[in-house]
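Have the model open beside you as you read.

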Amino acid sequence: MRTDIFARLDREPEPPKIEIPRMSRHRIALFGGTLVFYLAIVVAVLVSSWLVALDWKVMLFRPYQQWPELHAFLDYYVVLGQRGPTAVMVAAWLGWRSWRQHTLRPLLTLGTALLLLNVSVGAVKLGLGRLGPHYATQIGSAELFAGGDIFPSGHTANAVVTWGILAYLATTPRARRYLSAVSAFVSLGVGLTTVYIGTHWLSDVLLGWAAGLLIMLALPWFEPLITRAEVWILSVRESWRARRRLRGPAEGVAGPPVPALVPRTTDGAPETGAGHVEETGAPAAPQVVDGPGDAEPTPGGPATDPPAGGPPGAAGRSRAHAAHPVRSERTPLGPAVSRRPPHADRAPRSSPAPARPVAGGPVAP
């Protein structure tokens, strides 16, 4: 068992038992209070109440001119609320956690939270159409329904959700407390930074905090959906792996044997000759041609007539060369053995020839 600090980087042998947050009474009470605060901010801006006047006072105060030395640092700090960079960083961390703990819940929870954020915050942004401080046209006006998209603050809501998801997925109460404090500090700083730079009204930031907190408090209601999605994805993965295992051995199995091509004569019978074996297992006798007009039939089939205009036996030899481009090696028969088959009407050349009759009478024995 490893005891060093790098042991926590190894993959766990089996999925750990993680306690999934439930929608308790305390969470429901917080959700209800945050929802009331959210609606109060929207109504206060719609009726151009004291909150809109406070927005104009802060904007005309121009914090970026009061403390210009903070501008360079806060330009980089506000990136912690941008959707693209923060989503990539948090997704990388949660992806490693998913691999280590054999579960897809961290990534699916992040995807669900970002989807809820886009739908809820995006709908309110487009529906109210509020212009930002740099594009305001009338002092004291709420600048609603003018084609803008800054109410609520997307940077602030994204900071609450993206960094708050780390506290939501923490496996121990101690880690959950620390990560909750860190996410609250980051989201609070991002919201105030947008007011300092002048890209958002103060009421935009207040509504952004409330919008992000509502999403984090409502996540336990989506846990059953996340669980079903994880089960479905894992089942699809297992079925895909099973198909690959079944397809793998089948690719290595040899197919049926391919029959050998045997040259045939003009009448369709298989051509036999030196190097071919008949069905009986004995080698066929070679075809012997002594000269012009002396072609004799072989036991394997009838003799073929030589083509007109060519030497006898040329057609057979051309077919043999075409069918067998490379002649197989044969054991030499030796100088004393003839390659011709024996004939009953001929005497072997090694025996003395009989005396021929001489004109005038028979020869005495």
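This is a predicted model: local features need pLDDT of at least 70, side-chain atom pairs count only at pLDDT 80 or more; totals for chains, interfaces and linings use all residues.

By class, how many residues in the lining of the second largest pocket are nonpolar, polar and charged? The table has the answer.

| Class | Lining residues |
|---|---|
| Nonpolar (Ala, Val, Leu, Ile, Met, Phe, Trp, Tyr, Cys, Pro) | twelve residues |
| Polar (the others, Gly among them) | nine residues |

Residues are numbered from 1 along each chain as its sequence is written, and side-chain values use heavy atoms, leaving out hydrogens and water.

The second largest pocket has a volume of about 740 Å³. Of its 25 lining residues, Arg-27, Tyr-168, Ser-180, Met-216 and Leu-217 are the closest to its centre. Helices α1 (25-46), α7 (154-168), α8 (173-197) and α9 (202-218) each give two or more residues to the lining, and α8 provides the largest share, six residues.

Now for α2 (residues 50-61). Its buried residues (under 20% relative accessible area, 1.4 Å probe, protein chains only) are Leu-51, Val-52, Asp-55, Trp-56 and Met-59. They sit on the same side of α2 because they cover an arc of only 145° around the axis. On the face turned away from that buried side you'll find Trp-50 and Lys-57, both exposed (over 50%). Just after α2, Arg-62 takes a positive phi of about 55°.

Key. On a 1 Å grid over the protein atoms alone, a cavity is a set of points where a 1.4 Å probe fits but cannot get out, and a pocket is an open set with protein on both sides within 12 Å along at least five of seven lines; lining residues have an atom within 4 Å of a point. Grid points are joined across faces, edges and corners, and a volume is the space filled by probe spheres set on the points. Helices (H or I, at least four residues) and strands (E, at least two) are DSSP runs, numbered from the N terminus. The arc is that of the directions from the helix axis to the C-beta atoms.
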